[in-house]
Amino acid sequence: MGRSSEVDVEQTAVDVRYRRLDALREQTAARLAEVRRSGPSGSPQNRSERDAFATLYEDRLAQLEGVEQRLTFGRLDLEDGSTRYIGRIGLTDDQHSPLLTDWRAPAAQAFYRATAARPDDVVRRRHLVTRGRTVTGVEDEVLDLSRVDESDLPTLSGEGALLASLSAGRTGRMGDIVATIQAEQDAIIRAPMTGALVVQGGPGTGKTAVALHRAAYLLYAHRTTLERSGVLLLGPSRTFLRYIDQVLPSLGETGVVTATIADLVPGVVANGGEPEEVARLKGDARMARAIESAVQARQRVPAEPVEVHLDGRRLQVRPADVRQAIAHARRTGKPHNLARVGFVREMLGRLAEQYTAVLDQPLPPDERAEVIEDLRTTREVRIALNLAWMPLTPHKLVEDLWAKPWRLAQAAPWLDEQERAALRREPGAPWTPADVPLLDEAAELLGEDDQAARAQAASESRRRAQELQYARDVLNGSGAGGGLVSAELLAERFAESGPRLSTAERAASDRAWTYGHVVVDEAQELSAMAWRTVLRRVPTRSLTIVGDVAQTAAAAGARSWSAALDPVLRGTWRLAELTVNYRTPAEVADAAASVARAAALPLGELTSARRVPGSLRIRTGELLATAATATRAAVAALPQDGSGRVAVVAPEPRVPALLAALGATELADHLPGRGRNDLDARLVVLPPRSTKGLEYDAVVLVEPTAMAPADLYVAMTRPTRSLDVVTEGELPDGLTRTGAGDEARSDGQG
Ligand SMILES: Nc1ncnc2c1ncn2[C@@H]1O[C@H](COP(=O)(O)OP(=O)(O)OP(=O)(O)O)[C@@H](O)[C@H]1O
């Protein structure tokens, strides 16, 4: 059969699947309309039931809408003569026969893993190339041992489709890779959920892509567990989270909480800045001890007895009593504010005894309670007991550490005077991201006075049990679940208290929420204190940790995984490595590696998926003019279809001048502004740190010798097509002019 008739065959197959998708969308939309039509009548129970079904159909509809692009992207021909289509979601026809296999299903695994050496019953793997709903090509791999790859490039599966996707213009938003996941990536995506899996990989190896696909996979494979407990995805910045926010919906998943570490304490807005060195001090593991002793410093035995009065009688808050009451309260192991309740009760009891002792006759029990109540509300007593055991918020505790040097000196004796001075901050100063793990630590040790909350929780849980039973009955009766929704979830949706909150919403607003799985991207940047904050949210230690220790920028970040993780995970983590760079042309990646090696960054094995001759250019000349020339050329080389992004990456102090210079040319139209943010603009000017985790078609790198090695390594590994290095003459160690284009000294007009 010719190629075009093969395309026809696949067009028919793809059409069938889209027809089914359309039918399901219509069906769901009709059900939704029907539920909504039923109007606001009926008992509260009926109403909430209706709302629950409405949400169910809305979610389903959103899922069906999300999978439009490349619904069907693969086909397996198996040894027994059968074929299997692989796609974004599973579909069956009216008769429940499979039409499309979800890429995450076990039956789809061979699509990603089968090789000529281990064909896994597959005789042929086919990638369908589509544009919209039209099949534009097919790419076949016959899994036949006699075809041995002899090039020094890595063996790629679905090579044509992969290379096409790698060299397509960037859009400013990350896309999914379901159609072309490679075997080493697939192994990580489907790895068992238990324990902590660390994924180390050089730049462009697909760590972020793998982390996102793994989240989608785990939600599929462990739906019941994770739908209730939630999945948390931690990224390095808001911009980064925006960059990736399309990926999970395109995989049919919308319920993942995405956040930065700085978002993890609800109610705290950490938008302050501070020098790297200060952040490093705050991230030091010893700060946990500092917080602990700062809390204990608020539990204090007075040096002298303190006199208080009740009904004109003199009583004493005695040091020995306080010492014992503190010891008893600490022994309960409760957080400070909760243990305080016991401390106060004991002290009031002791004062009541003193009071009785000075009376002539013994006190009847009901009057004793009255005395205790009188003592509790006596101002003097309150002050004395507060001085001995101060109720405290996390904010106040941490704020005092920075604002009162003597408190810091007491809590963190290892800091020298200079370091304490660096940490000094006025009360009311904005929180910084490095404060957040300390606030979290403090919140943990202080606890909230949660008696009212606990009583409410108990009554909630009784109500929930009833609703759960009801939801089970409903599901059994209606058959509407179909694996889509669990009784637990439906029960939650029946709940009448306020607007319905999804697991994600509830999790995000609750500091003490514990997730079923946590994915950490750019994990090398986390400080020791940040790790404690993360692990508190996942007591099961079910984690996917991805990063690259050669790209560490934060002073508090990790230079080795063992150094970062052994103290908190005690050797219970396992390591997987990604070794193929998909993003950057080999010429550019090799130059970046050579620069990194010269700076002794910890590099792992890395091969590149493709070469792009001429992709690395070195331009010498006056910086602004040469950068403008390079930028103009890079923008002109972008695809005509409007896709494609260029980044000019320069040391922070140079950014304003570059922005002004480029803004004064015809390139101004491409820069951010007028409602266009950094991700949507075709051209951006950024310091290297701001490009972390992102990518561009072309990067114009200005004055590389003024960048720290890890920053330079990050910046050099951002482009998918070309890198222009702009210098006045000097090059960073490891970068040579041999192998790079445009070697001649130019005057900026080249
Ligand atoms: N199997 C694949 N198929 C298609 N594209 C892929 C594949 N793997 C990775 N890519 C692409 O390679 C690029 C790099 O991926 P990603 O950003 O996940 O890498 P990373 O390891 O997180 O990089 P860095 O550490 O440099 O931030 C992305 O454009 C991604 O879509």
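Residues are numbered from 1 along each chain as its sequence is written. Because the model is predicted, local features require pLDDT of at least 70 and side-chain atom pairs count only at pLDDT 80 or more, whereas totals for chains, interfaces and linings use all residues.

The protein contains 28 helices and 21 strands, where helices (H or I, at least four residues) and strands (E, at least two) are DSSP runs numbered from the N terminus. Of the 750 residues in the protein, 41% are buried; a residue is buried if 20 or more other C-beta atoms lie within 10 Å of its own, exposed if 12 or fewer, and partly exposed in between, with C-beta atoms placed from the backbone. Among contacts between residues at least 6 apart in sequence, 74% join residues at least 24 apart, a contact being a pair of residues whose C-beta atoms, placed from the backbone, lie within 7 Å.

Two packed helices are described by the angle between their axes and the distance between the axes. Axes are lines fitted to C-alpha atoms, for helices over the stretch in contact, and angles run from 0 to 180 degrees between N-to-C directions. Helix α13 (residues 336–358) packs against helix α14 (residues 365–376) at an angle of about 115°, with the axes 9 Å apart, which means that α13 is roughly perpendicular to α14 (65 to 115 degrees, as against under 35 for roughly parallel, over 145 for roughly antiparallel and the rest for oblique). On the α13 side, Leu348, Leu351, Ala352 and Tyr355 meet Arg368, Val371, Ile372, Leu375 and Arg376 of α14. The residues of this contact of α13 with α14 comprise seven nonpolar, no polar and two charged, where Ala, Val, Leu, Ile, Met, Phe, Trp, Tyr, Cys and Pro count as nonpolar, Asp, Glu, Lys and Arg as charged, and the others, Gly among them, as polar.

Helix α13 also packs with helix α12 (residues 319–331), the two axes coming within 8 Å and crossing at roughly 145°. From α12, Asp321, Ala325, Ile326, His328, Ala329 and Arg330 meet Ala339, Arg340, Gly342, Phe343, Glu346, Met347 and Arg350 in α13, and the residues of the contact of α12 with α13 divide into six nonpolar, two polar and five charged.

Around the ligand there are 24 residues, of which Thr180, Pro203, Gly206, Lys207 and Thr208 come nearest; a residue is near a molecule if its C-beta atom, placed from the backbone, lies within 6 Å of it. At least two residues of this shell are supplied by each of α4 (159–167) and α6 (207–221), and the shell divides into seven nonpolar, 13 polar and four charged residues.

Leu623, in helix α26 (residues 623–636), is partly exposed, with 19 other C-beta atoms within 10 Å. Although Leu623 and Val726 are 103 residues apart in sequence, their C-alpha atoms are 6.6 Å apart in space. Not counting residues up to four places away in sequence, Leu623 touches Val702, Glu703, Val726 and Glu728.

Most residues other than glycine have a negative phi. Asp311, in the loop between β10 (306–310) and β11 (313–317), has a positive phi near 50° and counts as exposed, with 9 C-beta neighbours inside 10 Å. Ala600, placed in the loop between α25 (586–598) and β16 (607–608), has a positive phi near 60°.

Definitions and conventions: Contact = placed C-beta atoms within 7 Å.
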